Amino acid sequence: MLSHSATIGIFLLLTVCFPVGAMVAAWMLRAKPKVDPDDKKLVPYECGVDTIGPTWIRFKPNYFLYALIFLAFDIEVVFLLPWAVKFQMLGLFAFVEMLIFITILVIALWYAWKEGALEWH
Amino acid sequence: MMQKIETIFVDLADWFIVLLQGWGIPLAWADAILLLVQFLGVVAIVLFNITILVWLERKVSGFIQERPGPNRLGPFGILQTIADALKLLTKEDIIPSKTDRWIFRTAPILFMTVSVMLYIVLPLGKDMQVVDLNVGLFFFISLGSLSTIAVLMGGWSSNNKWSLIGAMRSVAQMISYEIPLALSLMGVVMIAGSLRLSDIVAAQGNVWFIILQPIAFLTYFIAATAELNRGPFDMPEAEQELTAGAYTEYSGMRYALFFLAEYTNLVAVSALASTVFLGGWQGPGLPSWLWIIIKTWLVMFVFMWIKWTLPRIRMDHLMAFSWKVLIPVSLFNIVATGFGLYIFKGLGG
């Protein structure tokens with residue numbers, strides 16, 4: 001028997017072959033006309049209007065705030081998973097402990113809410 | 001007879017291994033060759049389901065909007081998807097001049113790879129799993145969240161304002177809805193006591209988890225809709241304002257890969273929903289692999305129904321709904337499940 005990791009590894013290699021194979025098939029079948037590098041066809045498509053200014057700029061900070069709160073909660077999920085698996089064996093102590101943990105996070109969420117981090121500006 | 005149909009795929013796999021060993025191939029190599037066959041099976045399942053799904057989605061949307069939908073190619077237009085696929089396959093490949101080429105090229109391949117990898121842990125019938133990981137559910141969630149990166153890569157490297165806005169919205173939405181998605185599965189894990197998907201299915205022998213965990217099913221379903229960027233949560237590719245969001249600059253096969261991967265994800269997420277909440281492959285009468293197909297298609301139909309019935313939700317409402325409604329509700333569900341287990345199962349008493 002192959003180990004689980006070996007199975008996943010081989011499967012991953014095979015899976016990469018699928019889109020790559022599709023690209024190769026398309027490369028063999030598709031039309032390949034010569035395109036002038038200054039052709040209007042290669043300009044970013046913004047509904048026909050010429051693009052103005054650079055695209056790669058500093059972006060709205062809103063997204064960053066969400067990413068920060070997301071990190072805290074995602075780590076919470078990682079902590080909760082092993083606890084949830086063994087919940088029925090761990091007993092009352094672990095349950096109460098996790099209640100306290102969740103309460104702290106709810107307070108954090110409430111604080112972020114109060115400070116307006118969850119508002120879209 | 002029934003027993004034969006039930007175990008047909010498992011028997012075929014066993015027969016194949018015995019056959020290969022009969023030819024003097026060592027067991028490890030025979031397993032690897034079987035894995036190749038399983039991979040081809042997964043690809044066949046994916047392609048077949050998507051072909052039908054894309055056609056059905058257009059038919060359902062046509063039905064809901066009181067128009068015929070595709071009806072020219074084949075009976076009821078069923079060959080429409082194949083014609084579309086051939087068209088995309090033979091289209092000229094355009095990479096705009098200002099793109100970040102390598103990231104632009106890798107993004108669709110990464111997206112498709114991640115989506116197909118999801119199927120490795122899904123139980124598609126009794127004993128029909130490529131690999132029965134002991135952290136199967138966790139594997140599924142973590143791989144599923146990788147598609148966020150592919151969308152961001154595609155949107156950022158396109159050097160197009162629509163793409164960038166679409167990608168940013170998509171990332172914000174997907175990370176926000178990932179938390180309620182994972183939290184709503186937590187209640188199920190607490191009852192089943194395992195992350196192994198076959199254990200979770202086995203734990204639903206008497207009663208399905210949709211009955212024990214109705215709130216979790218609702219939050220999972222809503223969060224999954226948002227994770228899939230499907231309507232009413234399709235702000236990232238709101239076609240009236242962003243043309244196609246992160247996929248605007250993609251054409252031909254690259255676009256097709258994104259498009260296929262979205263539907264691959266839809267099938268996988270629906271299959272997970274039926275595995276975790278609707279009893280998986282268990283059901284009376286019919287063989288197990290038919291039951292999971294029926295349940296998955298029912299869930300997918302509900303996804304379509306919702307997409308074509310509800311109007312799109314505004315970005316600020318969308319984010320607020322996840323953080324201010326879904327996360328508190330799913331946290332409450334975990335606590336309630338904990339108390340419920342103590343009361344009804346008499347834990348610790």
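Helices, as named in these legends, are DSSP runs of at least four residues, numbered from the N terminus. The model shown is predicted, with an ipTM of 0.83 and a pTM of 0.87. In chain B the pLDDT averages 84, and 97% of the residues score at least 70.

Figure 1. The relative accessibility of B:Val60 is 9%, under the 20% limit, so B:Val60 counts as buried. Beyond its neighbours within four places in sequence, B:Val60 is in contact with B:Phe301 and B:Met304. B:Trp308 is 248 residues away from B:Val60 along the chain, yet the C-alpha atoms of the two are separated by 8.2 Å.

Figure 2. Over all chains, the count of aromatic pairs comes to 21. In the pair shown here, the ring centres of A:Phe87 and B:Tyr342 are 5.9 Å apart and the planes meet at 85 degrees, so the arrangement is edge-to-face. A:Phe87 and B:Tyr342 are both buried. These two residues also take part in one aromatic cluster together with A:Trp83, A:Phe95 and B:Phe339.

**Figure 3. An aromatic pair within chain B, formed by B:Phe217 and B:Phe277.** The rings of B:Phe217 and B:Phe277 are placed edge-to-face, with 5.3 Å from centre to centre and 70 degrees between the planes. B:Phe217 is located in helix α10 (residues 214-227), and B:Phe277 in the loop between α12 (252-276) and α13 (288-309), so the pair ties together parts of chain B that are 60 residues apart in sequence. Both B:Phe217 and B:Phe277 are buried.

**Figure 4. A charged group over a ring, at B:Arg105 and B:Trp102.** The charged end of B:Arg105 is positioned over the ring of B:Trp102, at 5.3 Å from the ring centre.

**Figure 5. Positive phi values at B:Glu66 and B:Asn229.** B:Glu66 is not a glycine, although its phi is positive, at about 55 degrees. This residue is found in the loop between α3 and α4 (80-90) of chain B. With a relative accessibility of 77%, B:Glu66 counts as exposed. B:Asn229, also a residue other than glycine, has a positive phi near 55 degrees. B:Asn229 is placed in the loop between α10 and α11 (239-242) of chain B. The relative accessible area of B:Asn229 is 4%, and B:Asn229 is buried.

**Figure 6. The helices of chain A.** Chain A has 4 helices and 0 strands, and from the N terminus on its elements run α-α-α-α. Its radius of gyration is 25 Å, well over the 14 Å that the globule rule gives for 121 residues, so chain A is more spread out than a compact globule. Taken along the principal axes, the C-alpha atoms of chain A fill a box of roughly 70 × 55 × 15 Å. Among the 121 residues of chain A, 32% count as buried. Of the contacts in chain A with a separation of 6 or more, 51% are accounted for by residues 24 or more positions apart. The accessible surface of chain A comes to about 7900 Å², and carbon and sulfur atoms hold 73% of this area.

Terms used. Residues numbered from 1 in each chain as written. Chains lettered and ligands numbered in written order. Predicted model: local features only at pLDDT ≥ 70, side-chain atom pairs only at ≥ 80, totals over all residues. Heavy atoms only, no water. Phe/Tyr/Trp six-rings, centres within 6.5 Å; stacked < 30°, edge-to-face > 60°. Buried < 20%, exposed > 50% of the residue type's maximum accessible area, 1.4 Å probe, protein only. Helix = DSSP H or I, 4+ residues; strand = E, 2+ residues; numbered from the N terminus. Lys NZ or Arg CZ within 6 Å of the ring centre and 35° of its normal. Rg over C-alpha atoms; globule rule 2.2 N^0.38 Å. Contact = heavy atoms within 4.5 Å. Areas by Shrake-Rupley, 256 points an atom, 1.4 Å probe, with all protein chains shown as cover. pLDDT = per-residue confidence, 0-100.
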